[in-house]
There are 2 protein chains.
Amino acid sequence: MRIPTHDDVKAAHERIAPHVHRTPVLTSASLDRLAGAGLFFKCENFQRAGAFKARGASNAVFGLSDAEAGKGVATHSSGNHAQALAWAARRRGIPCHVVMPDDAVAAKKQAVAGYGGRIVECEPSYPAREAALAGVLEETGAAFVHPYDDPRVIAGQATCAVELMDQTRGLDAVIAPIGGGGMVSGICLALSAVAPDTAVYAAEPEQADDAARSLRAGRIVAGVAPQTIADGLKAPLGDLTWHFVSSRVADILTVSEREIVEAMKLMWTRLKTVVEPSSAVPLAAILKHGRVFAGRRVGVVVTGGNVDPDRLPWMAG
Amino acid sequence: MRIPTHDDVKAAHERIAPHVHRTPVLTSASLDRLAGAGLFFKCENFQRAGAFKARGASNAVFGLSDAEAGKGVATHSSGNHAQALAWAARRRGIPCHVVMPDDAVAAKKQAVAGYGGRIVECEPSYPAREAALAGVLEETGAAFVHPYDDPRVIAGQATCAVELMDQTRGLDAVIAPIGGGGMVSGICLALSAVAPDTAVYAAEPEQADDAARSLRAGRIVAGVAPQTIADGLKAPLGDLTWHFVSSRVADILTVSEREIVEAMKLMWTRLKTVVEPSSAVPLAAILKHGRVFAGRRVGVVVTGGNVDPDRLPWMAG
């Protein structure tokens, strides 16, 4: 297991700068009043391909040698990483193979296909996914880019926190949602170098609270088929992300499904940004655990905005 | 009629800088592909009080002498100007009186009241509104701040275009929605000084096309009770805004209600920004009148984001 370093982050930032947006930081006086804190929203929902995943994916894709790149890249994901990897591969002009369960939402398949990705369907089980991926790798010789448990991906995500610290005048804390832990690991990695006194928090749905339970247990605890509206946060921690989470995260705060939807609506109406449910989990945690953040300057990573406006969680049916 | 000058714009920019956001400019590769043009979205939906109106309102409010300010400000508006004026007045700690028809949407009244504005209800007719306003002005001695036909307001709105030109490396054209014409006049005023070769376009709903008809007729033509989903664009031109529109606007392009809703959804899904229907009218016009903008660099003013997420135009019922 190779642990990425701050030199990897600097290299990543230089490598991906021509490809990704330096996303803006938004503030809202009314949300500050509600939270009793100063909130700085780093808007990765405005990122290429609609989520922070473009950072890690492009760092992996553009870090390949020409010989490696010629064989393409592959991953398993039905979420934003799949889209981001397909997007990055198209930018480099190389093939991208994505293993997806055959019951994945049609819109997600279309998004990957829209970026030119090749979808390999498999049955919706862990063994089937692993078998399908192994088949793709053997057939194509493509480079596997894990959605989060990969030093290139974590170094890429870390560039987001470097920018956030650069765009604000010091923060007491940074909070992000946690699923597999790629973004949170990137924040830990970045802040350890550029802001060692800034605390790192993670936020998680109660109904997918494996990371919070892992932190309490002192070892990775897997969730059992978690069900949550924040569908980007169902993945379990990996060995590499656990390294960062276990050593640097101050706390992992959990919130209910109802609190997530309420926070999502607040971000729509107050920040005027389209966010997916996962992105609302940190604000929900700040509002619920007010005493943790009271009077502090808090960076909030808004992770993505890929949501279907015809299927919003507060719509009937 | 006093025509504001670029000196007024510079004074406005200095005056309002401590109060308003310098809003970001967003771009989207996929919208550029759809439009066949380079689009630069100036996101005033992220502005204080949720719309560009905060610029003109705060310029008027903070330009008052202490003696004038002590008597407060007043206006007639059931839209974003009312909220913005109440917001600016609260920032200065002075009263704000808003004349509104008694059939105005409850959410709009609440928004004004939430900023501390005093609502004076009247019957929904032009004579009733004028009578109610006259009564308020006589009773309080407040300074009247017209929603758009006011040199202080136009100079304030002009700061948006100054920033947009500063944030981009030159633009061939700038387009904004037109109702009463305050924002479009501000753009004309600003560009005449800082970018005389940049063309100004306005966009308007077909169902509220009085400005387009006025431009063709060469005189102000009033609409008759226009009905459109873009409810911020129903107001008629004023003498002062007509001065700018008639002398500087290249064309006024119209779009259907369906095209507005489609463009609004595109801005939600591609730009990830929450916009109100009025703000989608320019993109709808760009997509409809593609040949006008093909291959050009176009600034698009996203005027506001005050929309009820429970009542989106594509929701049933």
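Reply: Start with one cut-off: contact means heavy atoms within 4.5 Å. The model is predicted. Leaving aside neighbours within four places in sequence, A:W314 is in contact with A:V261, A:M264, A:K265 and A:W268, and with B:P309, B:D310 and B:M315. That list includes residues of chain A and of chain B.

Me: Where does A:W314 lie, and why is A:W314 called buried?

Reply: A:W314 lies in the segment after β10 (297-302) of chain A. Buried means under 20% relative accessible area. A:W314 has 15%, so A:W314 is buried.

Me: What makes A:D166 and A:R22 a salt bridge?

Reply: The cut-off is 4 Å between a side-chain nitrogen of Lys or Arg and a carboxyl oxygen of Asp or Glu. For A:D166 and A:R22 the closest N and O atoms are 2.7 Å apart. That is within 4 Å, so the pair is a salt bridge. The pair links distant parts of the chain, 144 residues apart: A:D166 sits in helix α8 (residues 151-167), A:R22 in the loop between α1 (6-16) and β1 (25-26), both of chain A.

Me: How do you know that the relation between the chains is that of a two-fold axis?

Reply: Superpose chain B on chain A. The rotation is 180°, the shift along its axis 0.0 Å, the RMSD 0.0 Å. That is the relation of a two-fold axis. The same surface serves both copies: 100% of the contact residues of chain B recur in chain A. B:T273 is the residue of chain B that comes closest to the rotation axis, at 2.3 Å (C-alpha).

Me: What makes β3 and β4 of chain B a pair, and which strands of the sheet stand at the edges?

Reply: Pairing needs at least two bridges. Strands β3 (residues 73-76) and β4 (residues 96-101) of chain B are joined by 4 and run parallel. So they pair. B:T75 stands opposite B:V98 in β4(B). The open sheet of chain B has the order β5-β4-β3-β6. Its edges are β5 (118-122) and β6 (143-144), because each has a single partner strand. Helix α7 (residues 126-140) of chain B packs on the sheet and touches β3, β4, β5 and β6; its direction makes about 175° with that of β3(B).

Me: Which residues have the most contacts inside the largest nonpolar core?

Reply: They are A:F41, A:W268, B:F41 and B:W268, in a core of 83 residues. A second, separate core has 34 residues, including B:I154 and B:V249.

Terms used
Residues are numbered from 1 along each chain as its sequence is written. Chains are lettered from A and ligands numbered from 1 in the order in which they are written. This is a predicted model: local features need pLDDT of at least 70, side-chain atom pairs count only at pLDDT 80 or more; totals for chains, interfaces and linings use all residues. Side-chain values use heavy atoms; hydrogens and water are left out. Helices (H or I, at least four residues) and strands (E, at least two) are DSSP runs, numbered from the N terminus. Copies are superposed by least squares on the C-alpha atoms of residues with pLDDT of at least 70 in both. Axes are lines fitted to C-alpha atoms, for helices over the stretch in contact, and angles run from 0 to 180 degrees between N-to-C directions. A nonpolar core is a set of buried Ala, Val, Leu, Ile, Met, Phe, Trp, Tyr and Cys residues joined through side-chain atoms within 4.5 Å. Buried means under 20% relative accessible area, exposed over 50%, partly exposed in between (1.4 Å probe, protein chains only).
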